Amino acid sequence: MKTLKAFDLLALGFMTFALFLGAGNVIFPPSAGLAAGEHMLPTALGFMLTAVGLPLLTLIALARVGGGLAELTTPLGRWPGLLLSVAVYLAIGPLFATPRTTVVSYELGVVPFVQDSWQTLLCYSVLYFAAVIFLALKPGQLVQRVGMFITPILLLGLALLGAAAVLFPAGEMAAASAAYREGAMLKGFVQGYLTMDTLGALVFGIVITTAIRDRGISTERLITRYTVVAALIAALGLSLVYLALFYLGSTSSELVDAQANGGDILAAYVQFRFGTAGSLLLAVVIILACMTTAVGLLTACGEFFSKLLPVRYAQVVWLLGGFSMLVANQGLDSLIQVSIPVLVGLYPLAIVLVCLSLVGHSWARPQNVLRPVMLVTLVFGVVDGLKAAGFMATEGGWLDALPLADQSLGWLMPVLITLMLAILVEYLRHGRLRRSAE
């Protein structure tokens with residue numbers, strides 16, 4: 001029975017870390033840290049619940065079912081599961097996440113050195129996706145290309161940036177903004193949505209298991225174990241990066257104004273601390289982080305849609321890569337504005353699906369619990385998404401009376417009540433069937 005050596009397992013963990021560390025992971029922690037100020041720690045902990053904890057649980061859930069999102073959604077039924085899978089893959093792929101990696105890497109890694117224009121963005125995006133498509137066309141070589149070569153360079157750059165942020169901060173922690181003075185942890189929890197990492201984990205699971213199988217591992221028990229180990233390595237790395245970036249943001253109030261985004265904060269800090277050399281370091285870190293994530297997303301989408309549709313994997317990669325490039329040229333502000341309502345609507349579904357998959361393996365008929373709970377989650381997710389998009393009033397409705405509604409978590413209590421009722425009904429039904437059999 002073939003097993004992975006320690007070096008290969010470490011490379012797999014590095015690859016998993018690099019797949020997750022993308023645009024949102026780098027730009028959102030500094031801005032949240034700046035706003036949180038002296039409440040940085042509870043905000044960071046809430047952020048890591050959705051940006052580290054949930055992705056870790058998602059990979060474990062996928063490893064337990066022995067496949068990807070399709071296997072995880074089996075209890076929902078064919079069509080509901082397929083629709084959810086397509087929505088997740090489109091959101092995490094060509095519509096939002098993949099184009100965002102391009103624009104963020106351009107604005108943080110290229111714009112400081114060139115004149116910003118639509119022509120420059122177009123040229124950069126063509127070169128960027130040429131490299132991404134090249135790496136994605138050979139998914140079996142991701143561990144070697146990403147885990148062994150690209151990630152060590154990325155880790156070195158992040159280590160230098162993180163050490164500087166912790167040891168040589170730009171100033172003292174600022175006072176927390178009004179939004180973070182109460183409920184900082186819940187605020188961070190919702191901010192973690194923006195990384196898209198839980199949705200990313202739903203599609204990266206198949207990429208990781210494919211990489212393990214391509215190393216000659218065929219035993220399901222070992223595939224599950226190696227996936228969990230790789231996820232733990234990635235979770236540790238992401239946690240350290242987030243804490244450093246949160247601290248960097250919380251101590252940079254003297255360098256930027258209160259409304260600065262994460263990219264502005266990072267650029268200001270490295271220029272302040274390292275000068276031009278720091279800007280070059282930041283450019284390398286951002287471009288590599290975004291590119292590895294884009295490769296993973298494009299690979300996952302290629303695997304999914306080539307099985308769903310009568311097209312070859314390479315054709316899907318070229319098609320989605322080209323489409324993502326066109327979307328990227330619409331600009332970062334437009335992407336974020338459109339993506340937030342979709343994420344607010346999709347994230348509760350992903351959270352509930354993963355959590356129930358982990359705890360529901362002992363239920364005789366998990367679909368009887370999962371379907372009503374997911375239906376209620378969908379209703380409230382759509383309502384929150386419409387509110388975030390501005391199509392519904394954000395105040396004054398009866399939904400606003402629900403606990404945590406002001407934090408976009410109004411879905412939580414109805415979902416918990418539905419879950420308890422569904423479990424009770426299933427328990428009573430199972431007991432009645434057992435007595436009838438006797």
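Close-up 1. Leu-236 sits in helix 11 (residues 220-250); helices are DSSP runs of H or I with at least four residues, numbered from the N terminus. The model is predicted: local features need pLDDT of at least 70 and side-chain atom pairs pLDDT 80 or more, while totals for chains, interfaces and linings use all residues. Residues are numbered from 1 along each chain as its sequence is written, and side-chain values use heavy atoms, with hydrogens and water left out. Leu-236 is exposed, at a relative accessible area of 55%. Buried means under 20% relative accessible area, exposed over 50%, and partly exposed in between (1.4 Å probe, protein chains only). From Leu-236 to Thr-377, the C-alpha atoms are 30 Å apart, across 141 residues of sequence. Leu-222 also belongs to helix 11. Leu-222 is buried, with a relative accessible area of 2%. Leu-222 and Gly-249 are 27 residues apart in sequence, and their C-alpha atoms are 40 Å apart in space.

**Close-up 2. Helix 5 against helix 6.** Two packed helices are described by the angle between their axes and the distance between the axes. For helix 5 and helix 6, the angle is about 25° and the axes are 3 Å apart. Axes are lines fitted to C-alpha atoms, for helices over the stretch in contact, and angles run from 0 to 180 degrees between N-to-C directions. Helix 5 and helix 6 are therefore roughly parallel. Angles under 35 degrees count as roughly parallel, over 145 as roughly antiparallel, 65 to 115 as roughly perpendicular, and the rest as oblique. On the helix 5 side, Ala-91, Ile-92, Gly-93, Pro-94 and Leu-95 meet Ala-97, Thr-98 and Pro-99 of helix 6. Contact means heavy atoms within 4.5 Å. The contact of helix 5 with helix 6 holds six nonpolar, two polar and no charged residues. In these classes, Ala, Val, Leu, Ile, Met, Phe, Trp, Tyr, Cys and Pro are nonpolar, Asp, Glu, Lys and Arg are charged, and the others, Gly among them, are polar.

**Close-up 3. Ala-91 in helix 5.** Ala-91 is a helix 5 residue. Its relative accessibility is 2%, so Ala-91 counts as buried. Beyond neighbours within four places in sequence, Ala-91 is in contact with Phe-96, Ala-97, Met-196, Val-342 and Leu-346. His-39 is 52 residues away from Ala-91 in sequence and 31 Å away in space, C-alpha to C-alpha.

**Close-up 4. Helix 1 across helix 13.** Helix 1 (residues 6-20) packs on helix 13 (residues 276-308) at about 100°, with the axes 6 Å apart. That angle makes helix 1 roughly perpendicular to helix 13. Ala-18, Leu-19 and Phe-20 of helix 1 meet Ala-289, Thr-292, Thr-293 and Gly-296 of helix 13. The classes in this contact are four nonpolar, three polar and no charged residues.

Close-up 5. Rolling a probe the size of a water molecule over the atoms shows where empty space is left. The whole structure has three cavities of 30 Å³ or more. On a 1 Å grid over the protein atoms alone, a cavity is a set of points where a 1.4 Å probe fits but cannot get out; a pocket is an open set with protein on both sides within 12 Å along at least five of seven lines; lining residues have an atom within 4 Å of a point. The largest cavity has a volume of about 100 Å³. Grid points are joined across faces, edges and corners, and a volume is the space filled by probe spheres set on the points. Its lining has 17 residues, with Ala-97, Thr-195, Asp-197, Thr-293 and Leu-297 nearest the centre. Helix 1, helix 2 (23-36), helix 6 (97-109), helix 10 (197-213) and helix 13 each supply at least two lining residues. Eight of the lining residues are nonpolar, seven polar and two charged.

**Close-up 6. Val-203 in helix 10.** Val-203 lies in helix 10. Val-203 counts as buried, at 0% relative accessibility. Leaving out residues up to four places away in sequence, Val-203 touches Val-88, Tyr-89, Ile-92, Leu-297 and Ala-300.

**Close-up 7. The second largest pocket.** About 390 Å³ of space lies in the second largest pocket. Among its 19 lining residues, Leu-84, Leu-349, Met-374, Leu-378 and Val-382 are the closest to the centre. Helix 5 (78-95), helix 15 (332-359) and helix 16 (367-389) each supply at least two lining residues. Helix 16 gives the most, with nine. The lining divides into 15 nonpolar, three polar and one charged residue.
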